[in-house]
Amino acid sequence: MTDTRHALTVRTIETPSLGDRTYLVHDGEVAFVVDPQRDIDRVLDLLESEGVRLTHVFETHIHNDYVTGGLALAEVTGAAYLGNGEDEVSFDRTPIADGETVEVGPRMRVRAIATPGHTFTHLSYALSTADGTRDGDGVGEPYGVFTGGSLLYGATGRPDLLGEEHTHALVRHQHASAHRLADELPDVAEVFPTHGFGSFCSAAQSDADSSTIGREKESNPVLTQDEETYVRELLNGLGAFPAYYAHMAPANASGPTAPDLSPVHTADPTELRRRIEAGEWVVDLRNRQAFAAGHAPGTFNFGLDGAFSTYLGWLIEWGTPVTLLGETAEDVAQAQRELVRIGIDRPAAHATGGPADWAEGDVASFPTATFADLAQVRHHRDVVVLDVRRADEHAEAAIAGAINIPIHELPRRVAEVPTGDVWVHCAGGYRASVAASFVAAAGRTPVAIDDSFDNARQVGLHLVAPGDGADGADT
């Protein structure tokens, strides 16, 4: 976004694999950044291409879904690093508190607004210019607000990431914080959230790509519902979130350094087999169709075409060495970049090429299918239907007789998969392939359903709602 009235520019740096955004704002000379991800070279490249100098880095909160690049960015550029002074951190930064206004160059003014709810010390930042005088103090009316994990597009940040004991207090803070933003900011003010683009930090998902305070007042449940209704519906709708989140806040409070993105050493098939047999993770980055057609036995499939880092970080036992297999060095580099964002700093090794380059003997494979194929095969014989969606998704609608082992539980529960032909499904195919790779690594031959769950009913599969009762009800 470029505001020609004030000659300010807001650039968005997307991190789709985590569902997050970073913002760089400048007036043509100086700039500030909000909530930078760990791989700060993207910010440095943008600063250079925009021809501006970074003077301030703002954090809305101690993040729970990724490792921040804020401190490293401030150190390499000489910018001030600002975060809530009430946060307990082990590094020097510039503390900021509710109501304080920071001058960023001659034109930009950034005011901190306490918006607890996602965390207790969460801050939003309202952007104004010094050119306007609407409120009589020489600071113009805010026309944008960086809301982090507070007010999102059609949703709000989750209130349960700090532990169940804090959830009920935080969800009420979240409601009050959203109303404060709506009361203090004009309807035309643009909203710039960090979360909400697939991030599990969002309590709900939306397809919106931009919004204003006025639009959120009309449609966001936190602003259209009374507090009790909002609290009840939000808490009822919360599902599981990635286990690796538990490691992010401590990492961010300790002051993470810039990541090392240099290549790691190349492993040959013998080393790859040794690592697999030692219990390490050897991860195939190709898409699910390629993996099903042929892969090195014992490898797991986390394709780069999906939420790679979210699911790898969710499923892995923290600290397990990871080796990356990609068709190209660029694929491996992309995966390495995504992993440093969640604190997996250095893969153990890598290899490029294809499964014939990675396996000491024959490559393995398993078939893929559609829900129509499943409906057809169930006319002739019994098969195990393994649903690896989250429990809340399964409770809403499931194939009659399906077994639900959520994907994040499968690595430690794969032995519970009943004997027989195993047809694995999720909502769209990505998680099914990840799960099928674990079933295959356990010595079974799965069938991965690569199809949309929306098609299940259309092809005649009987759907039930397990959440409505022990026997389920037709949906």
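Predicted model: local features only at pLDDT ≥ 70, side-chain atom pairs only at ≥ 80, totals over all residues.
Helices here are DSSP runs of at least four residues (H or I) and strands are runs of at least two (E), numbered from the N terminus.

**Where domain 1 meets domain 2**
- Domain 1 puts 19 residues into the contact, and domain 2 puts in 14 residues.
- Together they bury about 1400 Å², with carbon and sulfur atoms giving 58% of that area.
- On the domain 1 side, the trio to look at is Ser-17, Arg-38 and Tyr-244, which supply 38% of the area domain 1 buries against domain 2, more than any other three residues.

**Polar and charged pairs**
- Four salt bridges turn up across the interface of domain 1 and domain 2.
- The side chains of Asp-39 and Arg-341 form a salt bridge, with an N to O distance of 2.7 Å.
- Eight residue pairs are in polar contact across the interface of domain 1 and domain 2, both residues being at pLDDT 80 or more.
- Sorted by class, the face of domain 1 that touches domain 2 has 10 nonpolar, four polar and five charged residues.

**Around Ile-62**
- Setting aside neighbours within four places in sequence, Ile-62 is in contact with Asp-87, Val-89, Thr-119, Ala-249 and Asn-252.
- Val-383 is 321 residues away from Ile-62 along the chain, and 46 Å separate their C-alpha atoms.

**What the UniProt record lists**
- An unreviewed UniProt entry gives "domain: Rhodanese" for residues 276-365 and 379-465.
- Residues 276-365 come out as 36% helix and 17% strand, and the C-alpha atoms at the ends of this span lie 17 Å apart.
- For residues 379-465 the figures are 31% helix and 21% strand, with 22 Å between the end C-alpha atoms.

Conventions. Residues numbered from 1 in each chain as written. Heavy atoms only, no water. UniProt positions renumbered as here; feature names shortened; annotations may be inferred. Contact = heavy atoms within 4.5 Å. Buried area = accessible area lost by both parts, 1.4 Å probe. Polar contact = N/O pair within 3.5 Å; in protein donor to acceptor, adjacent residues only side chain to side chain. Nonpolar A, V, L, I, M, F, W, Y, C, P; charged D, E, K, R; others polar.
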